[in-house]
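Subject: Structure handover

Hello,

Please find the structure below, with my notes after it.

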Amino acid sequence: MRTRLALVMALAGLVALAACQPVKPPPSPPSPNPPPSPPSLNPPPPDQPAPPGSPNLGSPDFAFVTGLSNPWDIAFAPNGSMFFTERHGPVSVKSGAAAPVELFAAPPGSAPSGEGGVMGIAVDPTFATNSFIYVCYTHTSDNRVVRFTVGTDPLASATPIVTGIPKTTNIHNGCRIRFGPDGMLWITTGDAATGTNPQNLTSRGGKVLRVRPNGQPAPGNPALGGDPRIYTYGHRNPQGIAFHPVTNQPYSVEHGPGINDEVNRLSAGGNGGWDPIPGYNQSVPMTDLGKFPQAMIPAWRSGDSFTLAPSGATFLSGSRWGSWQNALLVVFLKDSKARVMFLDPSGNVSFSTEVLGYSTRLRSAVQGPDGSLYITTDVGRGGGEIWKVAPS
């Protein structure tokens, strides 16, 4: 009896002790929607040899136009006449096999300094009826886009359409201008080496602007609460813009701060993620996904340890370009080459092929109405040229 009583008392004590212990909840079931991974940049696409079906570039016509000083940009009229700028002043036109003719020595109030001067040029889509060309240049007070009428006195017809684009004494002016498939004028602007400009929606610096031919905000621009001309913001120094010949997708080409030059697929209201503050702090990421998780992810970047200094860009179209058709061709200053960039179905660059490496800084690339490629060399004191590259 004593043994049975002791056993009963021991069991009772264990039950009481167990009652005092916390009850462990059952394990949680796995979440059906795990939190998304933080955004990250695409890896730098590799350079690869030319793919099968590449065109033969032969030897470019290096003497198509010679004797120039820092030729900056090119634009073609529908009849094939080629307008071009030189950074220190003249705006000229070449028609057919004739020698170039200077339209005017310098735009009104131009003040070339450092990287600034007479830069981007564009021809109105209805040039055949209005004879308008547009030039983006450094003025004594700002960077600006001015419209001129060819065939009259161009200087007398000068009409500023966008002013107040910030400038500094020597760097980060942007100033590439192109008419898009939508008939609107797109303008790239540099940050003017001012840290607050790129993210400031009341500043026109560090932006891609989209305007009507008269300079007014384009219809369909995003409502960002600042300057209604702004299409994208958060840029450092975009010097190229081009439009895919099939999808019409706009792409910008941009200088990095020592790393990560970029090609970006532009989206309405998109943020490039450049925010070099406090001061002008160029050690911050080119695309800061920590600050701006929704920033535009570059379609191409040079890498985390170097830059190549891309400038102008054009899409290649037409069967003469073989497997390069619809690829993006970008020219480089520091790297002194061009690269043909091949896009994957999502619009990112899958790989690129180096071409035209002649140890010469290349500033602009434009495909002409004849299907050939035209490239300006960034060489001064009469050593600058415009090359003609005809594929076969």
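Which residues lie nearest the centre of the largest pocket? They are Arg-178, Phe-179, Thr-314, Val-366 and Gln-367, out of a lining of 27 residues. A pocket here is an open set of points on a 1 Å grid over the protein atoms alone, where a 1.4 Å probe fits, with protein on both sides within 12 Å along at least five of seven lines; lining residues have an atom within 4 Å of a point. The elements that give two or more residues to this lining are strand 2 (71–76), strand 6, strand 10, strand 14 (238–243), strand 18 (310–315) and strand 22 (362–367). The volume of the largest pocket is about 750 Å³, taken as the space filled by probe spheres set on the points, with grid points joined across faces, edges and corners. Strands are DSSP runs (E, at least two residues), numbered from the N terminus.

Before the rest, two remarks on the basis. This is a predicted model, in which local features need pLDDT of at least 70 and side-chain atom pairs count only at pLDDT 80 or more, while totals for chains, interfaces and linings use all residues. Residues are numbered from 1 along each chain as its sequence is written, and side-chain values use heavy atoms, with hydrogens and water left out.

Four strands form an open sheet in the order 6-7-8-9, with antiparallel pairing; two strands pair if DSSP finds at least two bridges between them. Strand 6 (118–123) and strand 9 are at the edges with a single partner strand each, so one side of each has no neighbour in the sheet. On average, neighbouring strands of this sheet are turned by 15 degrees against each other, direction ignored; the axes are lines fitted to C-alpha atoms, and angles run from 0 to 180 degrees between N-to-C directions.

Strand 6 and strand 7 run antiparallel and are joined by four bridges, and Val-123 stands opposite Ile-133 in strand 7. Strand 7 and strand 8 pair in the antiparallel sense over seven bridges, and a hairpin of four residues joins strand 7 to strand 8. In strand 8, Asn-143 is the bridge partner of Thr-138, and Arg-144 is that of Tyr-137.

In strand 7, seven of its seven residues are buried (under 20% relative accessible area; over 50% is exposed, and in between is partly exposed, with a 1.4 Å probe and protein chains only). In a regular strand the side chains alternate between the two faces of the sheet. Phe-132, Tyr-134, Cys-136 and Thr-138 are on one side of strand 7, and Ile-133, Val-135 and Tyr-137 are on the other.

Asp-142 sits in the loop between strand 7 (132–138) and strand 8 (143–149). Asp-142 counts as buried because its relative accessible area is 8%. Its side chain makes a polar contact of 2.9 Å with that of Arg-144 (a pair of N or O atoms within 3.5 Å, where one must be able to donate a hydrogen and the other to accept it; residues adjacent in sequence count only if both atoms are side-chain atoms).

Asn-173 is in the loop between strand 9 (159–165) and strand 10 (174–179). With a relative accessible area of 4%, Asn-173 is buried. Not counting residues up to four places away in sequence, Asn-173 touches residues including Glu-115, Thr-138, Asn-143 and Asn-237 (heavy atoms within 4.5 Å).

Phe-342 belongs to strand 20 (residues 338–343) and is buried at 9% relative accessibility. Phe-342 and Trp-324 are 18 residues apart in sequence and 7.6 Å apart in space, C-alpha to C-alpha.

Regards
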